[in-house]
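Let's walk through this structure together, one part at a time. Please have a look at it before reading on.

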Amino acid sequence: MPEKEAERMLVSRIEEGTVIDHIPDWRADTASRILRLDKLARMQADVSVVKLQNVTSKQLGRKDIIKIDRWHVDENDADILSLVFPNITVNYIDDGKVSKYTPKVPDTIEGRIRCPELLCISNAEREPVVPKFITLKKDRLLQCQYCDALLGFDSVPEHVRT
Ligand SMILES: [Zn+2]
């Protein structure tokens with residue numbers, strides 16, 4: 001986009017797209033990896049992404065914000081992001097109208113996260129099965145449905161499949 005327009009996007013609302021707010025400070029890159037924003041590059045999608053880092057926040061002291069112009073983040077990806085960053089808020093914008101999406105911790109997660117146990121059948125090199133986890137919400141853990149291996153919500157960034 002033209003530079004003037006980019007400046008406008010930095011400070012003002014976008015008309016169509018997604019704003020992920022209340023990401024902990026300096027974690028926007030981790031968030032964009034979990035949200036698979038790199039796939040937008042592979043798709044050569046006509047979108048613009050702004051990452052605001054270390055912005056002053058009443059609630060958190062400091063925070064990061066990701067604005068994605070002309071792209072709606074997948075709700076399932078937002079749910080997975082909220083495992084790691086429970087305070088995030090997700091705003092979808094259509095025609096300038098904002099609707100909030102409240103991410104929820106899913107009961108099960110399929111396909112997005114690798115099992116930490118290397119010998120797990122879901123990590124097999126030949127004919128691997130789709131990784132499946134159930135969430136143990138109180139303990140903030142994921143449990144592999146094949147081998148029972150446990151993975152803390154906070155370790156999701158290192159095991160996310162992009
Ligand atoms: Zn496993």
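In this predicted model, 6 residues of domain 1 are in contact with 6 residues of domain 2, where contact means that two C-beta atoms, placed from the backbone, lie within 7 Å. On the side of domain 1 that touches domain 2, H2 and H4 each supply at least two residues. By class, that side has 4 nonpolar, 1 polar and 1 charged residues; Ala, Val, Leu, Ile, Met, Phe, Trp, Tyr, Cys and Pro count as nonpolar, Asp, Glu, Lys and Arg as charged, and the others, Gly among them, as polar. The domain bounds, 3-101 for domain 1 and 108-159 for domain 2, come from an automatic or database domain assignment. Between the C-alpha centres of the two domains there are 26 Å.

Residues are numbered from 1 along each chain as its sequence is written. Because this is a predicted model, local features need pLDDT of at least 70 and side-chain atom pairs count only at pLDDT 80 or more, while totals for chains, interfaces and linings use all residues.

Now for the inside. The largest nonpolar core has 30 residues, and among those that touch the most other members are Ile 20, Ala 31, Leu 81 and Val 156. Elements giving two or more residues to this core include strand S1 (17-24), helix H2 (28-34) and helix H4 (75-84), and H4 provides the largest share, 5 residues. Both domain 1 (3-101) and domain 2 (108-159) give residues to this core, so it lies between them.

Leaving aside neighbours within four places in sequence, Leu 81 is in contact with Ala 31, Ile 34, Leu 35, Ile 88 and Pro 103.

A few terms remain. A nonpolar core is a set of buried Ala, Val, Leu, Ile, Met, Phe, Trp, Tyr and Cys residues joined through C-beta atoms within 7 Å. Buried means that 20 or more other C-beta atoms lie within 10 Å of a residue's own. Helices (H or I, at least four residues) and strands (E, at least two) are DSSP runs, numbered from the N terminus.

Technical notes. Buried ≥ 20, exposed ≤ 12 C-beta atoms within 10 Å, placed from the backbone.
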